[in-house]
Amino acid sequence: MSDIKINMTINGQAVETTADPRTLLIHFLREDQNLTGPHIGCDTSHCGACTVDMNGKSVKSCTVFVGQANGADIVTIEGIAEADGTLHALQEAFRQNHGLQCGFCTPGMITRAYRLLQENPNPTEEEIRYGISGNLCRCTGYQNIVKSIQIAAEELSHKEAAE
Amino acid sequence: MNDQTPISREERIEKLQGLGCSRKRVEDARFTQGKGNYIDDLKLPGMLFGDFVRSPYGHARIKSINPEAALAVPGVLAVITAEELKPLALHYMPTLAGDVQAVLADEKVLFQNQEVAFVVATDRYAAADGVELVEVDYEPLPVINDAFKAMDEDAPLLREDIKDKMEGAHGPRKHHNHIFFWEEGDKDGTEKALDDADVVVEELITYQRVHPCPLETCGCVASMDKINGKLTLWGTFQAPHAVRTVASLITNIAEHNIRVISPDIGGGFGNKVGVYPGYICATVASIVTGKPVKWVEDRIENLSSTAFARDYHMTGKIAATKDGKITGLWAHVLADHGAFDACADPTKFPAGFFHIVTGSYDIPVAYVGVDGVYTNKAPGGVAYRCSFRVTEAAYLIERMIDILARKLDMDPAELRIKNFIKKEQFPYQSALGWEYDSGDYHTAMEKAMTTVDYKALRVEQTENRAAFDRGETRSLMGVGVAFFTEIVGAGPVKNCDILGLGMFDSCEIRIHPTGSAIARLGTISQGQGHATTFAQILASEIGIPAEDITLEEGDTDTAPYGLGTYGSRSTPVAGAATAMAGRKIRAKAQMIAAYLLEVHEGDLEWDVDRFQIKGNPEAHKTMKEIAFASYNQAIPGLEPGLEAVSYYDPPNMTYPFGAYICVVDVDVDTGVIDVRRFYALDDCGTRINPMIIEGQVHGGLTEALAIVMGQEISYDEIGNIKGATLMDFFLPTAVETPNWETGHTTTPSPHHPIGAKGVGESPNVGGVPALSNAVHDAFAHKGLTHTQMPHDHWRVWKVAQKLGLTD
Ligand code: FES
Ligand code: FES
């Protein structure tokens with residue numbers, strides 16, 4: 001099949017290119033765009049390592065064809081910190097609270113939590129656990145991930161209140 | 001160069017961020033921003049991709065392979081089969097266990113998803129297209145999926161390649177599907193103890209086949225530079241130096257022309273210790289094409305072809321007096337190793353350290369025998385988050401103790417305490433030949449029982465049982481107790497080697513003129529945070545702040561030789577090498593300081609970050625000053641510079657231990673188990689970084705939960721693997737995972753330079769029996785002795801139904 005035109009916004013930058021229509025979004029991001037933050041951990045849409053933000057929703061980018069993302073606004077882990085390099089509250093909280101070990105699930109996990117905290121800025125522990133249940137971690141047992149998200153949520157609401 | 005403002009001793013200690021502090025991890029800045037560098041992130045100019053054609057059959061003869069249609073796919077460059085590898089003598093490779101394994105199937109396939117051909121293409125999509133189009137004609141053969149039938153007289157012959165080789169790597173083979181028989185202990189004495197005992201319990205306990213399943217699968221990039229003759233191999237290797245040596249031995253490329261690099265690794269848990277066909281095929285493909293070749297397995301390939309764990313069928317017998325003193329332990333294991341013996345055990349121990357099976361108990365006489373057999377299953381047999389076969393041993397003894405307690409009508413905690421090795425018995429010589437270094441089991445158990453208020457739990461359970469019988473609840477409460485002793489830190493070169501490579505480890509340190517440093521190790525982190533913790537060990541040893549020490553691992557061109565990271569050996573072995581190399585630095589620094597202060601070395605004492613004159617702390621030289629002097633002053637009798645290297649051969653293993661107690665509520669109508677509480681007390685000797693230790697315990701317990709509550713790699717009768725995707729293979733999400741409570745006691749290892757023992761594996765080793773015992777305990781009063789794991793909802797419901805508890 002011949003290549004199709006691709007237009008999308010990735011981490012605030014307009015991207016215009018072409019791609020083989022069967023390319024999965026995760027491969028497009030990792031291999032064409034060199035955004036290797038999102039990872040691949042399974043073949044069945046279970047692990048969430050590939051999670052990116054697409055039009056304000058968390059999606060598993062291994063389950064989206066690049067063409068389906070045409071016109072979309074995509075945010076990956078690389079676009080979560082502020083432009084001046086200041087880390088997002090989630091990134092900071094994961095570091096401070098040992099919310100990661102091997103780091104392989106981390107980009108997907110933070111990107112998911114980034115959306116979760118916009119959907120529900122003050123989640124209970126149970127809501128956090130449910131909210132990240134599409135993202136698997138083999139190292140941490142989730143305990144410190146949940147804690148990191150709780151602390152980031154507090155941090156963000158303080159920030160909001162201050163503004 | 002003198003420090004500007006004098007700071008207090010406490011501040012100086014604080015500044016080091018050394019041993020015992022919860023230093024934040026230096027790795028995390030990259031990982032939280034998506035800037036990790038994992039194998040699949042590596043992209044080289046002109047890089048090709050390889051992908052495997054795999055067998056759909058569990059056992060079949062290959063009649064023909066036709067690559068034509070595949071080669072016609074645009075982008076497909078080559079299809080490699082065993083025929084192409086034969087002239088290079090690369091169609092088989094040695095395994096870590098002294099067997100050989102087919103790199104690409106040679107005339108027949110022995111397990112489903114075995115590697116049959118390797119398609120090389122310009123991108124991964126073209127490679128996948130090529131894989132679909134390679135035509136392979138198979139003739140199916142009868143399958144052995146049950147280890148108990150492997151040695152039947154009429155069992156089909158699996159390994160034609162070694163059918164005449166009746167002397168195996170570990171002694172004689174007694175059947176064509178037999179691999180080895182290994183035994184240890186006093187057989188006659190143990191049988192006599194069983195004959196003479198007041199009470200004997202016997203049980204067949206199976207630890208099902210599972211898989212380490214790190215979130216990142218295995219993979220590599222091989223790049224042969226034809227101009228300078230150098231092969232560079234990047235990959236998910238838990239033991240990069242061992243890979244280099246093996247690669248050199250099997251390819252005949254001189255070892256100095258091979259560079260092996262382990263980049264960031266997305267979890268290992270034993271999965272990434274072995275050498276897999278993908279590494280060899282990518283290397284061959286790179287040699288043939290002159291281009292870099294990447295191979296990264298997908299999840300199905302990972303679960304079905306690289307590195308299973310366990311699959312041990314263990315029969316245990318315990319002899320005891322009627323008041324509960326254990327007088328003997330007998331065990332036999334039927335070990336299912338799959339189609340090739342690719343176990344990752346030290347060479348002399350084909351069943352790993354299974355003979356730690358006497359556990360934490362003072363058992364006067366014991367015997368174990370292990371038979372390894374071939375079946376039509378994937379090869380492997382790795383230490384999935386445990387030291388070699390230690391979790392199997394701990395599961396057997398801890399289940400058997402509970403069964404004995406039930407038979408004697410004793411409380412399982414009380415029975416354990418009664419038989420514990422006492423503090424004053426250490427170093428303790430076990431009946432099966434190990435010398436336990438240190439322990440204080442009574443204190444640990446007492447602390448755990450007090451923390452959870454064990455007595456109150458038993459009272460509550462009695463009430464729950466009465467309420468259940470009155471029909472007021474459909475939920476049964478179970479209390480699980482486990483007390484484990486691990487054996488880690490392989491190991492002393494005198495008895496531990498892999499393929500003849502002694503299992504020492506190493507550290508090389510260079511202090512820079514301005515007083516910062518770089519340390520290189522033979523190990524490799526897969527999430528354990530080595531860059532953080534090893535710098536802490538060094539900071540305390542040499543008085544340079546941890547943040548001023550760069551830690552580097554995983555590049556065989558720069559790191560000193562070491563055997564890698566698995567079996568919880570990094571802290572016990574490489575951690576010790578780090579401390580010892582630090583001490584060499586300090587010894588030279590002392591000579592330099594003596595010269596600078598114009599005193600005799602003996603007049604100096606070490607204090608945090610400096611040498612000072614005894615009784616006159618004002619007269620001192622800091623490590624920073626000493627470092628500078630070592631580079632700019634001609635000191636009589638001393639070479640310039642400040643560097644050291646240590647190769648550490650541990651005198652003994654280390655023996656971490658722990659007391660785990662958990663409480664579950666089992667819904668008898670659905671089989672759903674709720675882990676209400678889990679308390680894990682670990683004693684891993686000196687604690688380097690409490691934050692990281694806790695994190696390791698959380699993760700290991702979650703893996704234990706996965707194994708107990710649902711993980712199983714099983715095969716049907718015609719050899720199909722059932723459930724090799726994350727759809728079927730159970731990995732708990734945040735919803736199923738409870739909050740873990742942790743605690744500790746500290747009993748340093750007497751032979752380790754800083755007294756550390758290692759912790760990474762303990763929670764898996766102790767967590768499995770604790771959780772399984774809790775499930776059994778819930779039904780014990782209704783007559784359940786033992787039921788095989790995993791305790792998933794269906795199986796638990798079946799148990800309840802069999803006991804007549806369901807509606
Ligand atoms: S790679 Fe596993 S869900 Fe996308
Ligand atoms: S940190 Fe390793 S998978 Fe989550």
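These are my notebook entries on a predicted model, taken one topic at a time.

**Ground rules.** In this predicted model, local features need pLDDT of at least 70 and side-chain atom pairs count only at pLDDT 80 or more, while totals for chains, interfaces and linings use all residues. Residues are numbered from 1 along each chain as its sequence is written, chains are lettered from A and ligands numbered from 1 in the order in which they are written, and side-chain values use heavy atoms, with hydrogens and water left out.

**Entry: helix α14 of chain B.** I started with α14(B), residues 530-542. Helices here are DSSP runs (H or I, at least four residues), strands are runs of E with at least two, and both are numbered from the N terminus. Does the length fit, or where are its ends? The end C-alpha atoms of α14(B) are 17 Å apart, which agrees with the 18 Å that 13 residues should span at 1.5 Å a residue; the expected span is 1.5 Å times one less than the number of residues. I then checked cover (buried means under 20% relative accessible area, exposed over 50%, partly exposed in between, with a 1.4 Å probe and protein chains only). In α14(B), 12 of the 13 residues are buried, among them B:H530, B:F534, B:Q536 and B:E541. Just after the helix, B:G543 takes a positive phi of about 70°.

**Entry: salt bridges.** I counted a salt bridge as a side-chain nitrogen of Lys or Arg within 4 Å of a carboxyl oxygen of Asp or Glu. The general idea is that side chains of opposite charge can pair when their charged atoms come close. Over all chains, the structure holds 63 of these salt bridges.

I looked up B:R124 and B:D40, whose side chains meet in a salt bridge at 3.1 Å, N to O. This pair links distant parts of the chain: B:R124 is in helix α5 (residues 124-133), B:D40 is in the loop between α2 (28-31) and β1 (48-54), and they are 84 residues apart. B:R124 and B:D40 are both buried. They also belong to a network of salt bridges that links A:R30, A:E31, B:D40, B:D41, B:R124 and B:K294.

Next came B:D609 and B:R610, a salt bridge with closest N and O atoms 3.0 Å apart. Both B:D609 and B:R610 are buried. B:D146 bridges to B:K149, with closest N and O atoms 3.9 Å apart. I noted B:D146 as partly exposed because its relative accessibility is 25%.

**Entry: a buried arginine.** B:R399 sits in helix α10 (residues 390-408) of chain B. Is B:R399 buried or exposed? With a relative accessible area of 2%, B:R399 is buried. Its C-alpha atom is 10.0 Å from that of B:V768, 369 residues apart along the chain.

Entry: Which residues does a cis peptide bond join, with omega of about -10°? They are B:F426 and B:P427, and B:P427 is in the loop between α11 (412-419) and β21 (428-429) of chain B. Another cis peptide bond joins B:M789 and B:P790, with omega of about -5°. I found B:P790 in the loop between α18 (762-780) and α19 (793-802).

B:N113 has a phi of about 75° and lies in the loop between β6 (108-109) and β7 (115-121) of chain B. B:N113 counts as buried because its relative accessibility is 16%. Phi of B:V608 is near 60°, and B:V608 is in the loop between β29 (604-607) and β30 (610-613). At 11% relative accessibility, B:V608 counts as buried too.
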